[in-house]
Amino acid sequence: MEAGGERFPKQRQVLILFLLVEVALAGWESRRYSVLEETESGTFVTNLAEDLGLGAGELAARGARVVTKDNEPRLQLDLQTGDLILNEKLDREEMCGPTDPCVMHFQVLLEKPLGVFRAELLVRDINDHSPEFPEREMTLKIPEASPPGTVFPLKKAQDLDVDKNNIQNYSISPNSHFHVSIRNRGDGRKYPELVLDKELDREEQAELRLALTALDGGSPPRSGTAQVHILVLDVNDNAPEFAQMHYQVQVPENSPVGSLVVKVSARDLDTGTNGEISYSLSYSSQEISKTFQVNSLSGEVRLIKTLDFETISSYELDIDATDGGGLSGKCSVSIEVVDVNDNYPELTISSLTSPIPENSPETEVALFHIGDLDSGNNGRMTCSIPDDLPFFLKPTEENFYTLITNGALDRETRAEYNVTITVMDMGTPRLKTQHNITVLVSDVNDNAPAFTQTSYTLFIRENNSPALHMGSVSATDTDAGANAQVTYSLLQPQDPSLPLHSLVSINADNGHLFALRALDFEALQAFEFLVGATDRGAPALSSQALVRVQVLDANDNAPFVLYPLQNGSAPCTELVPRAAEPGYLVSKVVAVDGDSGQNAWLSYQLLKATEPGLFGVWAHNGEVRTARLLSERDAAKHRLLLLVKDNGEPPLSASVTLHVLLVDGFSQAYLPLPEAAAGAAAQSDPLTVYLVIALASVSSLFLFSVLAFIAVRLCRRGRAGLVGGCSVPEGHFPGHLVDVSGTGTLSQSYQYEVCLKGGSGSNEFKFLKPIFPNLLGQDIERKSEGNPTFHNSLGI
């Protein structure tokens, strides 16, 4: 809203300034200035700044310039002083020909805001041309019987100057027979006529030579001379007479060469050669002689050159009809050239603004002028552009148009427009001119970078090498240039305790993500963080996306045997009665694996036995059972080597040794070894009592130690920053108890609680929490003290 608030006051200021200028120039009318032709270049004409009521500095600020219809640089405007000066010598005859007055129309064009002011420059004639006769010598045949007062037309001289500088008088050299009179026609031209003062006598003088002089009215006057050769003829008393003294015809300007313009006709009452008539142009300028031709016998006037209405719109011809006796008659032909639509409209670009910033309001793109050299409907024009473009045309003055945007443009939608301006006249057939303008739209940072995904999930296997490429994020920006250059960065993680910058780095240029150190699945299974993408515009725009990194487990933990304990102390011995049936549960091997998934799936295998075939182990639960009936021949002491192997790749394993003693019954609590059998038989009853008391004491101490150990671990877990421990979220996986019934020498049942990892959606093994009987507590406590990794393998 603040930017908009700044823009509207600026627009109001421009509007107020425009209104003030319009009010100041409201009284301006087309002014006329004058200058003599052939005036030197650089001559001062007027001060336009004063005439317009503007300061000299305003002309430069508003981009003032002078525009003429033919775009010839005859005038030059000094923007600093406001002086209008001649840029070249002006030749009035070249500019206007016989037209008088000679007026050059021009416009003073102002921009910011637009203003067009009309003015005229009158080019005054100077006497820089002398009269010239079309022929150096003209011949007249005059019958000797011509009475005094007879008038003989003479060919007039031509002077390119106008007004008083044109021919004003004719004179002839002194003689006794003729004088010169001047006849004025309606078109303002003066024609010389030779008037007979005294009859001629052929026998006395057969010919005369006189000097005819044409004099203009300039100061000083200029003159031109031609010889008049007069031949005195015998009597021919009838001159040819035209059927009409004046002919008027209209000829289309596109008439082909050779077309008949008009046919004149004259008759002579004489006979013989005195009645034979020939036609000719009495007076013809160079232009007329190149355009028309008269048939001397038929009187037909035909075109020998194409006509151009825009150059000359009418012609005046004088045609003589002369008989064989030398008598002649005269008629005039007025030829009007009819305009046809043969000129295409013209379009001139005065100013063009490109590129245009996107999101800009209505903006002036171009200022141009249109014109057509034809007249009437042939010179009337319409101007248009295609309807499917976001532009419109605004007409101003003097056939000037402004191309304006129809609202804000969006570069991301379209970055370039080709605007075709069509100018068509109203003639028949209609002619049109097209002009193409290319308008470029420049970029503004109005689009934030957009990630290809709102969230990314990356997988990385634990124990990775540092600086490992985990994956990439990607964002695009529909802007251009620096506004589309994206820089990536790590944002503050959602978990403030997560040391993100020590775990992950990102390449700011391409969004590649790297793991800075090796990850441990057992310590950190997954973590989330935000990445940002920022462009380099001003102001910079940004967006963010969520990245979740899932650590994949690797088989980096070998199985750990919980039971039977392998702590290097007295071996664990299982007692089996000899009366046991096949399938009798001897013991159960309990093991855990710190990995997850199939890396934690354990299988059990009997590698070596004292007596093969006597015992077997179940592959999936580790139960050791008898394979057949026992006999008296079987040895009393057996050693079993069992292998616990996980399902990882490659698999890891651990071995455990189990000692088994075959006894006759459980009333015999202890079976002495063979080398001490004789000495122990006498003391069997006291040893049984001592064994029971020792087992009860050790079990109580073990239970207390386990409870204290669990309490300490829970306190440590509360202070840890990484994910760990056993968690069983509500609604996920409850704990499960694995029962081992008391058999063999185990006088009590024992249980192990298996916790499943929650929050991952899979039934992966997390850790094994034992609920030990008093009989086993002391051994496991010793195991934990002797092996620091024992707690981690349990997941406590």
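Reader: Taking contact to mean heavy atoms within 4.5 Å, which residues does T291 touch, not counting residues up to four places away in sequence?

Author: In this predicted model, and with residues up to four places away in sequence not counted, T291 touches R302, L303, I304, K305, L307 and Y315.

Reader: Where does T291 sit, and is T291 buried or exposed?

Author: T291 has its place in helix α5, which covers residues 286-291. With a relative accessible area of 0%, T291 counts as buried, because that value falls under the 20% limit used for the class.

Reader: And what does the side chain of T291 reach?

Author: The side chain of T291 reaches the backbone oxygen of E287, and the distance between them is 2.6 Å.

Reader: Moving on to E316, which strand is that in?

Author: E316 belongs to strand β22, which runs over residues 314-322. The relative accessible area of E316 is 34%, so this residue is classed as partly exposed, since the class lies between the 20% and 50% limits.

Reader: What is E316 in contact with, leaving aside neighbours within four places in sequence?

Author: With those neighbours left aside, E316 is in contact with R189, H246, I288, V333 and S334. For one of these, V333, the C-alpha to C-alpha distance from E316 is 5.8 Å, although the two residues are 17 apart in sequence.

Reader: What joins the side chains of E316 and S334?

Author: The side chains of E316 and S334 are joined by a polar contact of 2.9 Å.

Reader: What lines the second largest cavity?

Author: Its lining is made of 13 residues, and P153, L154, R183, Y191 and K330 are the ones that lie nearest the centre. Strands β12 (190-196) and β19 (278-283) each supply at least two residues of that lining, with β12 giving the largest share, 3 residues.

Reader: How does that lining split by class?

Author: By class, the lining of the second largest cavity has 7 charged, 5 nonpolar and 1 polar residues.

Definitions and conventions: Residues numbered from 1 in each chain as written. Predicted model: local features only at pLDDT ≥ 70, side-chain atom pairs only at ≥ 80, totals over all residues. Heavy atoms only, no water. Helix = DSSP H or I, 4+ residues; strand = E, 2+ residues; numbered from the N terminus. Buried < 20%, exposed > 50% of the residue type's maximum accessible area, 1.4 Å probe, protein only. Polar contact = N/O pair within 3.5 Å; in protein donor to acceptor, adjacent residues only side chain to side chain. Contact = heavy atoms within 4.5 Å. 1 Å grid on protein atoms, 1.4 Å probe; cavity = no way out; pocket = protein on both sides within 12 Å on 5 of 7 lines; lining within 4 Å. Nonpolar A, V, L, I, M, F, W, Y, C, P; charged D, E, K, R; others polar.
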